[in-house]
Amino acid sequence: MSRTTEGKRQLTGGRVAHAVLILFAAGSLFPLVWTAIAASGTSGRLARTPPPFWFGGHLVENLEIAWTDANLGTALINTTVVAGSVAAGTVFFSTLAGFAFAKLRFRFRNALLALVIGTMMVPPQLGVVPLYLLIAELSWTDRLQSVVLPGLVSAFGVFFMRQYLTGALPTELIEAARVDGAGSWRVMWHVVFPAARPAMAVLGMLTFVMAWNDFFWPIIALTQSGNPTVQVALTGLGRGYVPDQSVIMAGALLGTLPLLLAFVVFGRQIVGGIMQGAVKG
């Protein structure tokens, strides 16, 4: 339904729409709430049938144990550096490559684009052995650059930016900048990057979350006692004859909170960028 306010038409939802949104919001928040409930109890409390659905009194204690045992302070700093570097590199290089494939004319452009897209179909497990041999040859094992450099460019990012710039960036705008005497880098900084800002925000957000939650390659290249990321550090909480499930949940909660904080701080800018791109499109 809709209503008119001061000459502007404003869309409003009915009771059914609000009920559906509340239901979906509750379903989305339930895993986080359950993690906090599990982190506030003990393993014995979690083993009860039915399981508890309210908070216990050991949340602070379990958080302290997880923070100390898993060395989460160092892990959070490492993960922030890794995820931020991977996101920034992916956005920058993918925008450059996406612009080249979208607006520049050069030989074998379509063949190279097909090759880039084809790499998305190769399972990442196939490249683990040669990649590990390479970082071992460079003496990068258990160093953060071993997980940063392989993720600075992604085929998905190149394809994503290429698709966006094809429709969002008018060729006439580039030609006008060329007529004004702008070089290639000036066109990138003053024309391409401003036009691609909404897609860059979305790609950066997706890449940051994926790099933060990545486990497969960091567990191979890093160690829990050296330079761990959050996901690698959390593996130390599950060791032992009888792992404490509440402490594991507390560690998982600590590893999730920075992502939630990032969404709270930058959520409005990200959504604004998406809407700006939708309007421009």
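Colleague: Leaving aside its neighbours within four places in sequence, which residues is Thr 42 in contact with?

Modeller: Contact means heavy atoms within 4.5 Å, and on that reading Thr 42 is in contact with His 58 and Ser 246, once neighbours within four places in sequence are left aside. This is a predicted model, in which local features need pLDDT of at least 70 and side-chain atom pairs count only at pLDDT 80 or more, while totals for chains, interfaces and linings use all residues. Residues are numbered from 1 along each chain as its sequence is written, and side-chain values use heavy atoms, with hydrogens and water left out.

Colleague: How many residues apart along the chain are Thr 42 and Ser 246, and what separates their C-alpha atoms?

Modeller: They lie 204 residues apart along the chain, yet their C-alpha atoms are separated by 5.4 Å. Thr 42 sits in the loop between helix H1 (15-39) and helix H2 (43-46), helices being DSSP runs of H or I with at least four residues, numbered from the N terminus.

Colleague: Does Ser 146 count as buried or exposed?

Modeller: Buried means under 20% relative accessible area, exposed over 50%, and partly exposed in between (1.4 Å probe, protein chains only). Ser 146 counts as buried because its relative accessibility is 0%, whereas Thr 42, at 34%, counts as partly exposed.

Colleague: Where is Ser 146 found, and which residues does Ser 146 touch, not counting those up to four places away in sequence?

Modeller: Ser 146 is found in helix H7 (residues 145-148), and, with that exclusion, Ser 146 touches Ile 135, Trp 140, Trp 217, Ala 221 and Leu 222. The side chain of Ser 146 also reaches the backbone oxygen of Arg 143 at 2.5 Å.

Terms used
Helices (H or I, at least four residues) and strands (E, at least two) are DSSP runs, numbered from the N terminus. A polar contact is a pair of N or O atoms within 3.5 Å; within protein, one must be able to donate a hydrogen and the other to accept it, and residues adjacent in sequence count only if both atoms are side-chain atoms.
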